[in-house]
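Here is a friendly walk through one protein model. Have a look at the fold first, and then we can go through some of its parts together.

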Amino acid sequence: MAESSPPAMPTPRAARRKIPKPVVQLARLVLIAVVAWLLLRLLRGVDWAEVGHALTHLSAWQIAVLLVVVLIRRAILAAPLALLIAGLSYLKAMISDVAAASVATIAPSPGDVVLRLAMLRSWRIDNTDAASGLTLSTTIFYIARLAAPAMGFVIFWAARGFYAPFAWAGLIFGAAAAVLLVGLLYALRAERSAATIGRLLGRLIQRVRPASAGPVVWEERLVSFQSHSAGRMQERGWLAILSQLLLVGVEAGVLVLCLGFVGVKLDSSTVPVMFCSFMVVYPLTGLPLMGAGIMDATYAAFVSNHSAIEATDLVAGLLVWRVAVQLLPVVVGLLTIVVWRRFTWNG
């Protein structure tokens with residue numbers, strides 16, 4: 001009698017798929033429908049001639065102010081790199097940051113990390129310092145980004161009153177920020193875990209590539225990485241975290257400034273709405289192209305619900321903001337890459 005064949009084992013891909021495909025497709029359709037509704041709501045009352053007039057009639061002093069504010073924004077963005085990577089000057093941290101930001105805008109995510117590492121190596125930065133600083137600065141940035149809605153909700157509640165959508169956004173994203181922070185703090189203290197992960201990683205890599213370094217080497221590498229990261233965070237970590245929390249406020253302030261430059265009246269009733277609405281939707285800037293369309297429509301919906309600001313002014317202000325914080329850094333970043341590569345090749 002023939003032996004019965006063993007039951008087929010699920011493929012890794014099938015095992016990972018926990019959410020049914022119809023549910024995923026339905027969620028996508030709902031998301032598209034919500035975004036489309038928000039965009040139609042935003043664009044329905046837009047006078048595009050007025051938008052064009054607002055964009056082309058910024059005065060010289062307004063443009064100068066925007067350039068200064070954008071420079072301050074870039075300096076704060078680069079602060080964690082300068083604080084957490086030994087031997088990296090503030091100027092080089094800003095150069096690396098703006099170059100990587102331009103790549104991240106027009107290319108898939110790993111490209112900006114590869115560029116950062118290449119730049120740091122060209123400046124004779126130790127590999128462990130570079131990897132540790134990049135990992136810590138990226139984690140801190142996302143903690144601040146996820147904490148922004150909670151900050152916005154608290155400020156809005158104090159200035160205007162309780163608003164349920166802000167409260168839910170603050171609760172959900174704030175919980176995610178807390179989980180990420182706790183995970184970071186645990187990783188910085190978990191030397192034994194780093195050693196265990198290093199040994200497992202070494203065995204796995206050695207199975208794939210027998211000639212590669214073994215478990216002992218990988219254990220030493222991860223323990224060194226963990227201890228180095230813990231040391232840098234103990235020395236300057238809280239300064240790096242405070243700089244990124246400050247960044248959230250500066251980001252919101254830049255948008256409020258852009259809205260004021262296109263004609264929105266800035267007073268005690270409108271500024272808290274514009275400021276806090278941006279903080280609540282700030283996590284959406286983590287989407288491709290800084291959430292272009294989705295973030296703008298969601299922001300406009302929140303502002304419109306609590307003020308009489310016209311959609312035309314909102315669109316004009318958002319466009320000025322995107323040119324200042326998104327388009328301009330891409331241009332500067334690409335030029336920076338060209339200059340850096342030219343000097344690197346000639347060096």
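Let's start with a pair of helices: α12 and α14 cross in a right-handed way. (A crossing is right-handed if the near helix is turned clockwise from the far one by less than a right angle, and left-handed if anticlockwise.) The angle between α12 and α14 is about 145°, and their axes are 9 Å apart. Axes here are lines fitted to C-alpha atoms, for helices over the stretch in contact, and angles run from 0 to 180 degrees between N-to-C directions.

Before going further, a word on what you are looking at. This is a predicted model, where local features need pLDDT of at least 70, side-chain atom pairs count only at pLDDT 80 or more, and totals for chains, interfaces and linings use all residues. Residues are numbered from 1 along each chain as its sequence is written, and side-chain values use heavy atoms, with hydrogens and water left out.

**The chain as a whole**

The protein chain has 15 helices and 0 strands. Both are DSSP runs numbered from the N terminus, with helices being H or I of at least four residues and strands being E of at least two. Of its 347 residues, 42% count as buried. Buried means under 20% relative accessible area, exposed means over 50%, and partly exposed is in between, using a 1.4 Å probe and protein chains only.

How do contacts run along the sequence? Among those between residues at least 6 apart, 73% join residues at least 24 apart. Contact means heavy atoms within 4.5 Å.

On the α12 side, the contact is made by V273, M274, S277, F278, V280 and V281, and on the α14 side by M295, T298, Y299, F302, V303 and H306. By class, that contact has 9 nonpolar, 3 polar and no charged residues. (Ala, Val, Leu, Ile, Met, Phe, Trp, Tyr, Cys and Pro count as nonpolar, Asp, Glu, Lys and Arg as charged, and the others, Gly among them, as polar.)

Now for another pair. Helix α7 (residues 110-122) and helix α8 (residues 127-159) have axes that come within 10 Å and cross at roughly 145°. The crossing of α7 and α8 is right-handed. Here R116, L117, L120 and R121 of α7 meet N127, A130, A131 and L134 of α8. Sorted by class, the contact of α7 with α8 has 5 nonpolar, 1 polar and 2 charged residues.

The loop between α7 and α8 holds R124. R124 is not a glycine, yet it has a positive phi of about 65°. At 72% relative accessibility, R124 counts as exposed.

**Aromatic rings**

How many aromatic pairs are there? The count comes to 13. Rings of Phe, Tyr and Trp (its six-membered ring) pair if their centres lie within 6.5 Å; planes under 30 degrees apart count as stacked, over 60 as edge-to-face and the rest as tilted. One of the pairs is W157 with F162: the ring centres are 5.6 Å apart and the planes are at 75°, so this pair is edge-to-face. W157 is partly exposed at 47% relative accessibility, while F162 is exposed at 53%.

F166 and F302 are also edge-to-face, because their ring centres are 5.0 Å apart and their planes are at 85°. F166 lies in helix α9 (residues 164-189) and F302 in helix α14 (residues 294-306), so the pair ties together parts that are 136 residues apart in sequence. Both F166 and F302 are buried. Ring pairs also link F156, Y163, F166 and F302 into a cluster.

**Apart in sequence**

Here are a few C-alpha to C-alpha distances.

| Residues | Apart in sequence | C-alpha distance |
|---|---|---|
| G286 and R145 | 141 residues | 8.3 Å |
| L289 and R322 | 33 residues | 9.8 Å |
| V250 and F275 | 25 residues | 9.8 Å |

G286 sits in the loop between α12 (271-281) and α13 (288-291), and G286 is partly exposed at 42% relative accessible area. L289 lies in helix α13 and is partly exposed at 48%. Leaving aside neighbours within four places in sequence, L289 is in contact with T105, R322 and Q326. V250 belongs to helix α11 (residues 215-261). With neighbours within four places in sequence left aside, V250 is in contact with R73 and I76.
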